[in-house]
Amino acid sequence: MADEHREIAAVQALHRIDPETGAVIPPVHLSSTYGRGSDNELLGSIDYRRPHGPTEQHAADVIARLEGAAETRLFSSGMAAIAAVFETVPTGGHVVAQTEMYYGAKALLNRLAAKQRLSASFVEPGNLEALRNSVRPGETDLVWVETPANPGWKIVDIAPTADIAHAAGAPLAIDSTCAPPCTTRPLELDADIVMHSATKYLNGHSDVLAGVLSTREITPRWAEIGEIHNKTGALAGGMESWLLMRGLRTLFIRFERQSANALAVAEAMQTHPAVESVLYPGLPSHTGHEIAARQMTNGFGGMLSLRLKGGYEAARKLAAGTKIFIQATSLGGVESLIEHRKPIEGPDSPTPDDLVRLSCGIEPAESLIEDLRQALA
Ligand SMILES: *Cc1c(COP(=O)(O)O)cnc(C)c1O
């Protein structure tokens, strides 16, 4: 489907007009239970809101269209979606993930490994040779990739990664939280499952916690994810799903502005004397730029990191010294955020002491750049 058709589907939430009232914006369905008629037949299509009511289903359908997915399911958070995927790995199964990735997902994998629920290997994001050496044909049950990868934004080439996973008999799942479907569609690049923390770009207003899984095909593993979704009940609420659908209407335009802002900030910071390096896939100097230019078709996103010459202290001072960038965790919202990452991720994290992570919002770029300059001065 052409990008303009995807964008229209997002803006109009699939052009579904409420047949009963003519409402252009759908109502929120909060009912947990659904009625039956004289022969016990359901009046609508569901009997109960677990695993999904009409509002959750509508939001899932919009995301499925954007991803080109056979089906999409909404979860109560990104972590709940990740946990559902890890739950499909049989006991003792082998998972390959990344040395650099969302620290919460890595902590969950390490926890499962410590309990001998599964075994995990970690490879550098984008190092295909290391991945080839880490997968064990017939034994590896899941390859888990995040691209761009927190917090250095290394890029993983999805199509050849899928080939390596599939040759070993393992499905490829992508955490594409920082590359929403307006810019990257991993399922079209042969990934099997794509995951998002919808808390971030998909909702975009920092007022919803939700997670998403979408699948390229209906497979036995996907059926198992459906069972886990229903049996463990980590579901998105009706109100959250409605807010998420509202956020999705402006995804394309938000992401475009956030990408333009991040590029402007990255370019301005590249020559700042206090900055050691700028990590942003949109810069030609970034190691993954060429792949990103091909894989992120509509912008490199709003996330970048700065490494500062002054080390830990300089990073702490910058994060505390901005007046427009808000010192807070999370990403993808319309408001710009700044975070000194190391103290958040803890002593075991490979994140450098001197790294400050920026999530660019939609404020004027010049004001964001000026804010960083005054805080670095
Ligand atoms: C935030 C985030 C998650 C976790 O999502 P929650 O909605 O906070 O549970 C997973 N992966 C990435 C890349 C994230 O940024």
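**Exercise 1.** State how much area is buried between domain 1 and domain 2 in this predicted model, and which residues of domain 1 lose the most.

*Solution.* Start with the total: about 2900 Å² is buried between domain 1 and domain 2. Next, take the kind of atom: carbon and sulfur atoms give 60% of this area. Then turn to the side of domain 1, where W153, C182 and Y201 lose the most area to domain 2. Together these residues account for 25% of what that side buries.

**Exercise 2.** Locate the two domains and count the residues in contact.

*Solution.* The domain assignment places domain 1 at 3-248 and domain 2 at 251-376. Their C-alpha centres are 26 Å apart. In the contact count, 37 residues of domain 1 meet 35 residues of domain 2.

**Exercise 3.** Find the salt bridge across the interface of domain 1 and domain 2, and give the count of residue pairs in polar contact.

*Solution.* The rule finds 1 salt bridge across this interface. R294 forms a salt bridge with D157, and their closest N and O atoms are 3.3 Å apart. The distance is within the 4 Å cut-off, so the pair qualifies. For polar contacts, the count between the domains is 20 residue pairs.

**Exercise 4.** Describe the side of domain 1 that touches domain 2 by element and by class.

*Solution.* The elements giving two or more residues to this side are α1 (3-11), α4 (103-114) and α8 (238-248). Of the elements, α1 supplies the largest share, 4 residues. Sorted by class, this side has 17 nonpolar, 13 polar and 7 charged residues.

Definitions and conventions: Residues are numbered from 1 along each chain as its sequence is written. This is a predicted model: local features need pLDDT of at least 70, side-chain atom pairs count only at pLDDT 80 or more; totals for chains, interfaces and linings use all residues. Side-chain values use heavy atoms; hydrogens and water are left out. Domain bounds come from an automatic or database domain assignment. Contact means heavy atoms within 4.5 Å. Buried area is the accessible area (1.4 Å probe) that two parts lose on being put together, summed over both. A salt bridge is a side-chain nitrogen of Lys or Arg within 4 Å of a carboxyl oxygen of Asp or Glu. A polar contact is a pair of N or O atoms within 3.5 Å; within protein, one must be able to donate a hydrogen and the other to accept it, and residues adjacent in sequence count only if both atoms are side-chain atoms. Ala, Val, Leu, Ile, Met, Phe, Trp, Tyr, Cys and Pro count as nonpolar, Asp, Glu, Lys and Arg as charged, and the others, Gly among them, as polar.
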